[in-house]
Amino acid sequence: MPKWFLPLAIVCGLMFAVAPILIANAPYESTMGLVQKIFYVHLPSALIFLLAAVVCGVASVRYLFGGNPRHDRIAWAAAELVVLFGIITLVTGPLWARKAWGVWWQWDVRLTASLMGWMVAVAYLLLRKYGGPGSDKLAAGLALFGMANVPFIYISVNYWRTIHPTTNVLPTLPVSMGFPVWFTFATFFLLFILLLRMRVRLEEQRAQLDALYLSVDA
Amino acid sequence: MTPRLGSGQVDFDHLTVDDVSRHFGRRRAVSRITFQASRGTVLGLLGPNGAGKSTLLAMLATLLRPSGGHIRYGAHDAAAHGAALRASIGVLGHDLFLYPELTAQENLEFFAALYGVADPRRAALEALREAGLSDRAGDTVSSFSRGMRQRVALERALIHRPRLLLLDEPFTGLDDASAAALAARLKALKKDGAMVVLATHDLDLAEGLFDRAVFLRDGRMLAAIHRPAALRSTYREVMTRDPGAGRPGEGFGARLDE
Amino acid sequence: MFARVVWLVLRKDLTVEVRSLEIAYTTLFFAVSCVLVFAFALVREGRAPEDGAAGILWISIAFAGTLALGRAFERERQSETLRALLLAPAARPAIYVGKLLGIVALLAACEIVLVPLVALLFQAPLLAQPLWLAIVLLAGTIGFAAVGTLFAAMLVRARTRDVLLPVLLYPITVPVIIAGVRATATLLQPELDMDSVRFWLALLGCFDVVFVTLALWTFEPLMTD
C-alpha cells in the first residue's frame with residue numbers, strides 16, 4: 001500500500017466519527033424535520049455512485065482499446081463501488097421519500113436512470129464472476145455500452161413523463177449546500193478513494209500470484 | 001516501420017516461432033517454444049494430450065496472441081498483421097469447420113467466396129473432384145461419414161491455395177485408406193512449396209511424413225528432430241527426457257534445403 | 001468487399017435456417033406462448049389493461065429475440081464455424097452485420113405473425129396504422145438485435161452464456177422497450193398524436209445508429225483473444 005493510504009484512512013475514520021455530530025447540529029429543514037437528515041448520506045453517496053460509474057466506464061474503454069491490465073482492475077473495482085454506493089443511494093432515497101412525501105418510488109428520470117445504471121453494474125459483476133475466461137474484455141464492452149445507454153434512458157424516460165404527467169413530488173435540486181453537505185461528501189469521497197485503491201491492490205496481488213505460479217518451473 | 005501488407009506480399013518462406021508462451025490465468029498452456037520452418041516442409045507437433053499442440057496451432061493461425069515471444073512469417077510479426085496473413089493460411093481443425101445443414105458444395109462455395117477466390121463455384125466443384133466426392137456434391141454434410149467429412153474439410157482448408165496449412169489431429173477417425181490418401185496429399189502439397197504444420201498423437205500413420213518434428217509435453221518443448229525415423233521409439237525416448245535440462249535436440253535452428 | 005461478406009454471411013444463415021426452420025418455428029411458438037401467458041395473466045372481463053397490447057407485443061418480441069439469439073450462436077458454436085469465420089480474412093465487422101441482418105429477418109418473420117395475434121386476442125387496433133407500426137417495429141428490432149448480436153457473439157465461449165445473455169441484454173435495451181411500447185401504444189389511440197410517434201421513432205433511430213456503430217467498433221477487440 002502506498003504511503004498516503006494509512007494517514008488518509010485515519011483521516012477518513014475521524015471524519016466519519018465527526019460527521020454525525022455535524023449532521024445532528026445542522027439546522028432542521030422546515031417541512032420535513034428530522035427525516036431530512038438522511039439527505040446528508042443520500043446525496044454524497046449518489047454523487048459517488050455517479051463518479052464510480054464514470055471511472056468504471058472510462059477505465060473500461062481504455063482497457064478495451066489499450067489492453068493495459070491496470071485499467072481493467074480499476075474498472076472492476078469501480079464497478080463494485082458502483083454497486084455498493086448504488087445500494088446506499090437506492091435504499092436511503094426511498095426511505096427519505098417515504099417519510100417525507102409518502103411514496104416509496106417514482107419513475108422519474110434520475111431514479112430510473114440510476115436504477116438502470118446500477119443494474120448494468122450488477123450485470124458487469126455477474127459477467128466477471130461467471131463469464132469464464134475472457135470475461136474481462138466482455139465486461140469492458142458491457143461497461144462501454146452501459147455508459148452509451150445513459151443519455152437514451154434519460155431522454156426516453158423524460159419524454160415518457162412529460163406526456164403522462166404525474167405529480168413529481170421529489171425536489172429537483174438540493175436547496176442549500178451548507179457545510180455539512182460538503183463535509184459528508186468529502187468523507188464519502190475519501191472512502192471511495194481508499195476502497196478503490198485497496199480493491200485494485202487486491203487484484204494486483206492476485207496477478208502477481210498468477211505470474212509467480214507461471215514462472216515456477218518455466 | 002513495417003510496411004502495410006497487401007495481399008500477395010505475404011512471405012511464407014520462413015516461419016519463426018521465437019520464445020513463444022501462452023497462459024490462461026494460472027494455467028501455462030505453452031511455455032517458451034522456439035523453432036523454425038521453411039516453405040516446402042512438413043513440420044510435426046507431437047505430444048500427449050494437453051501438451052499445448054492445439055494452442056500453438058491457434059497462435060500460428062493468428063487466432064490467439066502469444067502471452068510472450070513472437071511468431072514471425074518472414075519479417076512480419078503475426079500479431080500485427082493478422083488479417084492479411086489469414087488470407088494465406090488454411091486450417092483443418094479438430095471440429096472440421098463445416099456447416100452440417102449445408103451441402104458439401106454449398107460449404108465449399110461459401111468459404112471460397114469468403115476467402116475471395118475468383119470463381120467460387122468452379123473452385124468448389126474442382127475441390128469436390130479432388131476429394132472424390134463429386135457425386136455427393138448435393139448432399140448435406142450431416143449425412144456424411146467422418147472420413148468423408150474430413151475430406152471435405154481438407155478441401156475447405158485448401159480451397160484458397162494457402163501457403164501455410166495447419167492441421168489439428170487430422171488422422172482422428174480415419175481408416176487406413178483415407179489416412180494414406182491424406183498423407184499422400186500432404187506430400188504433394190509440400191512439393192508444391194506450401195508449409196504444413198501438423199499436430200497429432202497418431203505416430204503410426206505419421207511415419208515418414210515429417211521433415212522436422214517438435215516434441216511437446218506440458219507446454220514445453222523437449223526436442224526438435226530433423227527427419228525423425230522410427231517415430232514411435234523416438235517419441236518414447238524423447239518423452240522420458242527432462243524438459244529443464246539442456247537444449248533441444250539436433251536440427252534446431254537449421255534451415256532445410258528447398 | 002465489406003458488403004459482399006455481409007451478403008455471403010446473411011445468405012448462408014438464411015439458407016441454413018430455411019433447411020431446418022428449427023429456430024424459426026421454436027422462436028415463433030415461444031412468442032405465441034408468451035402472448036398467451038400474458039393474456040391469461042392480465043386480461044379481465046375480456047379486456048387487457050390500457051396499453052397492454054403494446055407492452056405484451058414488445059415483451060414477447062424481447063423474450064423470443066433472446067431465445068433466437070442464443071440458439072443462432074449455439075449453432076455456430078457446435079461446429080466451431082464461428083472460429084472458421086474468424087479465421088477468414090474477411091473484415092470482422094462485416095461478419096457482425098451479416099449475422100445482425102439474419103437475426104432481424106428472423107424476428108421480423110415472428111412479428112408478422114405476432115402482430116395480428118395480439119391484435120386479435122386483445123382487441124387492439126394494431127393494424128390501424130400498418131406502415132407506421134411496421135417502421136416502429138423495424139427500428140426497435142434493429143436496436144434490440146444490434147446489441148443482442150454483439151452480446152451473444154461475445155458470450156459464445158462462456159459456459160453460462162444462456163443465463164448471462166438476458167442479464168446483460170435487458171438493461172441496455174430498456175430505451176428500445178420504452179420507445180417501442182410508447183410508440184405502439186400511441187398508434188393505438190383513436191386520436192393520433194403523430195408528433196409523439198415521430199419523437200419515439202427519432203429516438204429509436206438514434207439508438208440504432210449509435211449502438212450499431214459501437215458494435216462495429218468493438219466487435220474486433222471483443223472477438224480476439
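At what angle do the axes of helix α6 and helix α7 of chain C cross, and within what distance do they come? The legends below, which describe a predicted model, begin with that pair.

**Figure 1. The crossing of α6 and α7 in chain C.** The axes of helix α6 (residues 130-154) and helix α7 (residues 161-172) of chain C cross at roughly 150° and come within 10 Å. Angles over 145 degrees count as roughly antiparallel, and α6(C) is therefore roughly antiparallel to α7(C). The handedness of the crossing of α6(C) and α7(C) is right-handed. On the side of α6(C), the residues that take part are C:Val147, C:Gly148, C:Phe151 and C:Ala152; on the side of α7(C), they are C:Leu165, C:Leu168, C:Leu169 and C:Ile172. Sorted by class, this contact of α6(C) with α7(C) comprises seven nonpolar residues and one polar residue, with no charged residues.

**Figure 2. Helix α6 of chain C, its span and its burial.** The end C-alpha atoms of α6(C) are 35 Å apart. This agrees with expectation, because 25 residues at 1.5 Å a residue should span 36 Å. Of the 25 residues of α6(C), 19 are buried, so the helix is largely enclosed by the rest of the structure.

**Figure 3. The surroundings of C:Thr66.** C:Thr66 belongs to helix α3 (residues 52-78) of chain C. Is C:Thr66 buried or exposed? A residue is buried if 20 or more other C-beta atoms lie within 10 Å of its own; C:Thr66 has 22 C-beta neighbours inside 10 Å and therefore counts as buried. When residues up to four places away in sequence are left out, C:Thr66 touches C:Gly148, C:Leu165, C:Pro166 and C:Leu169. Among these, C:Gly148 lies in α6(C), while C:Leu165 and C:Leu169 lie in α7(C). C:Thr66 and C:Thr149 are separated by 83 residues in sequence, yet their C-alpha atoms are 9.5 Å apart in space.

**Figure 4. Helix α4 of chain A.** Helix α4 of chain A runs over residues 109-130 and has 22 residues. From its first C-alpha to its last, α4(A) reaches 31 Å, close to the 32 Å expected at 1.5 Å a residue. The buried residues of α4(A) include A:Thr112, A:Ala113, A:Ser114, A:Met116, A:Gly117 and A:Trp118. Further along α4(A), A:Val120, A:Ala121, A:Ala123, A:Tyr124 and A:Leu127 are buried as well. Just after α4(A), A:Gly132 adopts a positive phi of about 80°.

**Figure 5. The contact between chain A and chain C.** Chain A contributes 30 residues to this contact and chain C contributes 27 residues. On the side of chain A that touches chain C, the elements giving two or more residues are α2 (39-66), α4 and α5 (135-163) of chain A. The largest share of that side, 18 residues, comes from α5(A). By class, the residues on the side of chain A that touches chain C are 21 nonpolar, eight polar and one charged.

**Figure 6. Chain B and its contact with chain A.** Chain B contains seven helices and 10 strands. Of the 258 residues in chain B, 47% are buried. Among contacts in chain B with a separation of 6 or more, 72% join residues 24 or more positions apart. Seven residues of chain B are in contact with five residues of chain A. On the side of chain B that touches chain A, β1 (14-24) and β2 (27-38) of chain B are the elements that give two or more residues. The strand β2(B) gives the most to that side, with three residues. The classes represented on the side of chain B that touches chain A are one nonpolar, three polar and three charged residues.

Technical notes
Residues numbered from 1 in each chain as written. Chains lettered and ligands numbered in written order. Predicted model: local features only at pLDDT ≥ 70, side-chain atom pairs only at ≥ 80, totals over all residues. Helix = DSSP H or I, 4+ residues; strand = E, 2+ residues; numbered from the N terminus. Expected span 1.5 Å × (residues − 1). Buried ≥ 20, exposed ≤ 12 C-beta atoms within 10 Å, placed from the backbone. Contact = placed C-beta atoms within 7 Å. Nonpolar A, V, L, I, M, F, W, Y, C, P; charged D, E, K, R; others polar. Axes fitted to C-alpha atoms, helices over the stretch in contact; angles between N-to-C directions. Parallel < 35°, antiparallel > 145°, perpendicular 65-115°, else oblique. Left-handed = near helix turned anticlockwise from the far one by under 90°.
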